[in-house]
Number of protein chains: 4
Amino acid sequence: LVTERPPFSALDCCPVSGLSFGGLEVRAGSLTEQARRLRRESRTFDRETLEAVAPDLIAIDDCIVQDPEFDWDVGAPVHGLPPLRALIERLVGYLNDFRVRHDLETLLVVNLTSAAPTSGGSDWHTDLAGLESIVADDRKDLFSPSACYAYAALSAGCPLINFTPNPETSWPGLAELAARTATPYVGNDGKTGETLLKTVLAPMFAHRNLRVLSWEGINLLGNNDGLTLDDPRNRRSKISNKEQVLAGILGYEPHAGVTINYVPSLGDWKTAWDLIHFTGFMDVPMTMQFTWQGCDSVLAAPLVLDLARLMELAARRGESGPMLHLACFFKSPLGVTEMDFHRQYDALLAYTERCLAGKPPADPTVPRP
Amino acid sequence: LVTERPPFSALDCCPVSGLSFGGLEVRAGSLTEQARRLRRESRTFDRETLEAVAPDLIAIDDCIVQDPEFDWDVGAPVHGLPPLRALIERLVGYLNDFRVRHDLETLLVVNLTSAAPTSGGSDWHTDLAGLESIVADDRKDLFSPSACYAYAALSAGCPLINFTPNPETSWPGLAELAARTATPYVGNDGKTGETLLKTVLAPMFAHRNLRVLSWEGINLLGNNDGLTLDDPRNRRSKISNKEQVLAGILGYEPHAGVTINYVPSLGDWKTAWDLIHFTGFMDVPMTMQFTWQGCDSVLAAPLVLDLARLMELAARRGESGPMLHLACFFKSPLGVTEMDFHRQYDALLAYTERCLAGKPPADPTVPRP
Amino acid sequence: LVTERPPFSALDCCPVSGLSFGGLEVRAGSLTEQARRLRRESRTFDRETLEAVAPDLIAIDDCIVQDPEFDWDVGAPVHGLPPLRALIERLVGYLNDFRVRHDLETLLVVNLTSAAPTSGGSDWHTDLAGLESIVADDRKDLFSPSACYAYAALSAGCPLINFTPNPETSWPGLAELAARTATPYVGNDGKTGETLLKTVLAPMFAHRNLRVLSWEGINLLGNNDGLTLDDPRNRRSKISNKEQVLAGILGYEPHAGVTINYVPSLGDWKTAWDLIHFTGFMDVPMTMQFTWQGCDSVLAAPLVLDLARLMELAARRGESGPMLHLACFFKSPLGVTEMDFHRQYDALLAYTERCLAGKPPADPTVPRP
Amino acid sequence: LVTERPPFSALDCCPVSGLSFGGLEVRAGSLTEQARRLRRESRTFDRETLEAVAPDLIAIDDCIVQDPEFDWDVGAPVHGLPPLRALIERLVGYLNDFRVRHDLETLLVVNLTSAAPTSGGSDWHTDLAGLESIVADDRKDLFSPSACYAYAALSAGCPLINFTPNPETSWPGLAELAARTATPYVGNDGKTGETLLKTVLAPMFAHRNLRVLSWEGINLLGNNDGLTLDDPRNRRSKISNKEQVLAGILGYEPHAGVTINYVPSLGDWKTAWDLIHFTGFMDVPMTMQFTWQGCDSVLAAPLVLDLARLMELAARRGESGPMLHLACFFKSPLGVTEMDFHRQYDALLAYTERCLAGKPPADPTVPRP
């Protein structure tokens, strides 16, 4: 965990052992089954580990609500579901049940759903009143499940972490709701591999005045994420998040391609290959390539724990609104235009130093470029 | 040039057109011949460019002293050369001649020699008095040509840039000499490719708490540098510079291999391939590879111009001693333990802001980790 | 050239100096301009070379007919063009003019057009009578420019080389026409890079009983081919040619993806990156990656010359129909199911040995797997 | 297994279940411990597999003689060991014991030792009489443990497979011994990864008349092989085997570098990266790179089983001397100059067809280039 390294380990974060896990699942199947499948297909961990955590998985499975009704598609006609208002109330009910059952001080909501088509951009999405009209009119074509999760969490005062590319958490109406309930939130789209490398490497090209002509990124994925992203409607947000980081860092827009292909045999192992075509002195063209072979869950899981610990701390410190100091964890950080990973990390360091010095958070915590 | 990008472009640097070029060459052959060979073997630039600069190359060739006596090898017996004292005086003479001939305000010395075996580490090397004894006793086994260049430059008050891996510029005795003549100096070993990437990427592994098990770097070079480095005695300093950057950034020492192979057909194109073997959450092993295909001269030349402009500025501002703010240009920056490229770059930014605000340089200019 | 290596160099092929070049061009611009642009954008050859061949390029330009009417799209409505019959006669006229002008013994037609949408598959395409009906009815939606070129060449008895992925040359009706005029023909789709490697490497996996799970191929192209192939309608044939080679060699169908992306800055340099995911003993998954960085024209041009020389020889020897012994030059060799490059090459060797021994070609010349 | 694919599966090979395994081990430790360590460090197989074969491993361990005296180094002084004659007799005794204990029809010897320094090249090594003098004079500086294994196997009439790079099996004196005892033998140096790819890819460059300028191969190994090969004296034979394949295929000697580095964290996973620098038409330089990430044991083990089955068959058929048809399994095939993998494979096919047709083996079975 990042939060276990100095100086972050000196923060007064909740220990991992102090966390209770529950959830909402729209698909059939249990955590235990998923973990077994992951081991079998992706060789990520061994049987000893699985056996050691088996009782925990069973206990968490018992706290996961299976509710397949939260699975509509804003791009397709929806029939036979309860109205949005009722669905949101159902979610708030799930949250309250879990809070009571575990006698929790703080209840965090983490959105970990698959990439999905999204709505947004209408006049109704620009403020909270508009969102409430959408809910009142039961417009499921304008309000996705991810919007319900965010709406329910923020209205119930639960700090919200959007680890998915689904962009509803950035709707202005939800910022208004978070402000009204004084709730912290953060997102979008966990930065675990290729985009992390882009935001690490692109500053070097800028700082050395090497001009990037083209940055072509290929992502091969074999897990459920890969399957979902194989549908062009689902991958629109993700590709946009992956593409937009370069222009912000470089100060111009190189040719930037992002390809996501589904390769089932890779299982949970994702392989990213990027070709960077650039020129140096006297316009001589040169190239860099990299191949990143990582295990998706293993890269993402610790970031979710880090975010949970840091959001719980922020909530305890009375912070609210978008958590700018957590930008380094996301491809498309809410409220932050700085895309350079190192500057984002420096913002987390600065926040940590203020915390350790007993100071309130600066506003804003991330320097604008 | 880095110095042509904001905010550095706002510094009061000497324009490139204000520079005069001369030099000392131990090998036969002219710049014009070298440039033709580079074009023919490496396709770096085209004939039009070569024709356009031909008169300039001829003019510079006229200012290059051919002196093959500065080519001894500290690891081998040396016979028949004038004593060190005379050789150093000869160098100072060359410098004065060039200064007078071009009516220069400032004369900078840039060491661009090949990697070479080095001495150092004796009791005589620890202070200036010791170095003077070595010179007085004509101990060429303890005083390499690079030591002569540095000694002559600093004693003549010429700002010194050591772009080579030869480590003499870091001898304490020379620091004493620079202090006595109030001369700025900087080095060692220009950071143009694989090591640049190491110092850019390694912080990411640290910041994400991904543990690097092994970082294996392969460098294939086809130019004279490659030929020189094919001799293990010559590459010792360079490999040491390339290896030591990781421990400083990561806080532990991974297995770090550096291989430099001579592949003549590559000409001036160097290819670096690195394999980074690391573990994430639950100790799952993952890998990253990169291939960097760059033209050595094209990557190095602009950095030399940047350094010349920034050193001339520093000299004009009355700065002296090791120029800590220029660490980002070097593999093994003198006086600086910070190896993270981004922090080194931030030090250059901070220096620039102080300059633009009319402030004297901070001391030290680079934060210690 | 392949034909300049033993044993092929012993064949009685026409020397390259015995060839005269002309052509049909639908785009504006001259060969000279294209060659200049290639030099400028792709650094493939230097100015000396360009100057040396300038008179030849001008002479060839003089033999190239500019005729933009041969540029319709079978997938879009076509208006205002002369009927197919007239267009084909026009082509035959061009061929006769060129033959007379240069007093040629043999006139070869090489199709080097861009990838294009294609028709085919209707009842009319199954025999020559059907094709003649299509022409008579002026069905430009069923008869592409590439079909016209092939029809004109074969009806005029000109040996035909289809270097493009456009599959019209494989229409049964054209085989019938070639048989009637006793004309040799060959195609489809020159094998210059990624697919060449596939047909070289896949046999190794088969022979070692290593099971290929996935073979994901990424092709980045910056030239006009890349631009054309960026349109999904144009790349259908090419991707199909690239994909189908594996199943034939391996004996089963692995997951095989082919991506073609347009990256303009690469100019004529194409970069292919392939990831091969396979299992060995005890089903342990392993990977191979390769990156192929080649210059498209430089890889293709010598094959065109080789094919011209070998087709002229075949015509002189009285051979006709599909030239099975030339399969190794093509991604989708006409009449040949053997996809293993080495077996295809052995077929060329066997043919050459028969020629050198004064024997007629075997029938068929390529062993069926 | 290769021998489980058609047409080889039709050969009358001994089933794997018909094999009994024993051995000689100079190091401490059991197979069971090694297998556990392999699982722990390299994640090659899972615990279920290990548990399933545990009884077999114990049974085989019981048939492995631990004899640390067979571990001298021909490059260093040897003291305190019994004379060579006694050591060889001891080996023959081990072989006879194992044969009797398992009531074997055929006893095969497979040399699977680590790479080691070697002697050879003296006048005594040129014939069997010379070898016998060496043994009689107890010259352990001229007779390595691998020489003992080969001598003992061949004198006892046991078919011999040399899977190691140690070249003693190619000594002319041992060929004489094999002829005297009418024993088949084969080697050297199993071809499992980088060299396999070289012998697959190099023919393509030759067949396309693409001139290879440089072929630089980097091998990173983390297992005991890697540790052993880290010593330059041990890797001499292996590097020579890896280098010599190119000239035979290409017909000229490109710059060919082979680097073998020990990277412990890789465990049994070896990573080979090769850069191939070549020119095409008009001498335009281009590059190919590949990365091969394979598990060493998993690649080697099935080849050993294949060789055992094919050697047992050969012995049963009364074949003797070097088994030329098995060249495709080796980096440096005994008696064969053909290095093209595909031609070597064709030789195995031709042999198989003769077997299936009931014919005796051709002599020689591999066509000379």
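**Strands, rings and copies**

Modeller: Strand β9 (residues 285–295) of chain A and strand β9 (residues 285–295) of chain B run antiparallel and are joined by seven bridges; strands pair if DSSP finds at least two bridges between them, and both strands (E, at least two residues) and helices (H or I, at least four) are DSSP runs numbered from the N terminus. Before going further, this is a predicted model, in which local features need pLDDT of at least 70 and side-chain atom pairs count only at pLDDT 80 or more, while totals for chains, interfaces and linings use all residues. Residues are numbered from 1 along each chain as its sequence is written, chains are lettered from A and ligands numbered from 1 in the order in which they are written, and side-chain values use heavy atoms, with hydrogens and water left out.

Colleague: Which residue stands opposite Phe290(A) in β9(B)?

Modeller: Opposite Phe290(A) stands Phe290(B).

Colleague: And what does β9(A) pair with inside chain A?

Modeller: Strand β8 (residues 269–279) of chain A runs antiparallel to β9(A), with 11 bridges joining them, and Phe278(A) has Met286(A) as its bridge partner in β9(A). The two strands form a hairpin with five residues between them, and in that turn Met282(A) has a positive phi of about 60°.

Colleague: Is β9(A) mostly covered or mostly open?

Modeller: Mostly covered, since 10 of the 11 residues of β9(A) are buried, where buried stands for under 20% relative accessible area, exposed for over 50% and partly exposed for anything in between, using a 1.4 Å probe and protein chains only.

Colleague: Let's move to chains C and D. What is the strand order of the open sheet there?

Modeller: The open sheet has eight strands with mixed pairing, in the order β7(C)-β6(C)-β8(C)-β9(C)-β9(D)-β8(D)-β6(D)-β7(D). Its edge strands are β7 (255–262) of chain C and β7 (255–262) of chain D, each pairing on one side only, and neighbouring strands are turned by 10° against each other on average, with direction ignored.

Colleague: How many bridges hold β9 of chain C to β9 of chain D?

Modeller: Seven bridges, in the antiparallel sense, and among the residues involved Phe290(C) has Phe290(D) as its bridge partner in β9(D).

Colleague: Which helix packs on that sheet and touches β9 of both chains?

Modeller: Helix α10 (residues 296–316) of chain D does, touching β9 of chain C together with β6, β8 (269–279) and β9 of chain D, and its direction makes about 80° with that of β9(D). Contact here is heavy atoms within 4.5 Å, and the angles run from 0 to 180 degrees between N-to-C directions, with axes fitted as lines to C-alpha atoms, for helices over the stretch in contact. Helix α9 (residues 232–250) of chain D lies across β6 (211–221) and β7 of chain D, running at about 150° to β7(D).

Colleague: Switching to rings, how many aromatic pairs turn up over all chains?

Modeller: The search of the whole structure finds 46; rings of Phe, Tyr and Trp (its six-membered ring) pair if their centres lie within 6.5 Å, and planes under 30 degrees apart count as stacked, over 60 as edge-to-face and the rest as tilted. The pair of Phe205(A) and Trp292(B) is tilted, because the ring centres are 6.4 Å apart and the planes lie at 35°. That pair crosses between chains, from helix α7 (residues 194–207) of chain A to strand β9 of chain B.

Colleague: What about a charge over a ring, say Arg211(B)?

Modeller: The charged end of Arg211(B) sits over the ring of Tyr252(B), 4.0 Å from its centre, the criterion being NZ of Lys or CZ of Arg within 6 Å of the ring centre and within 35 degrees of the ring normal.
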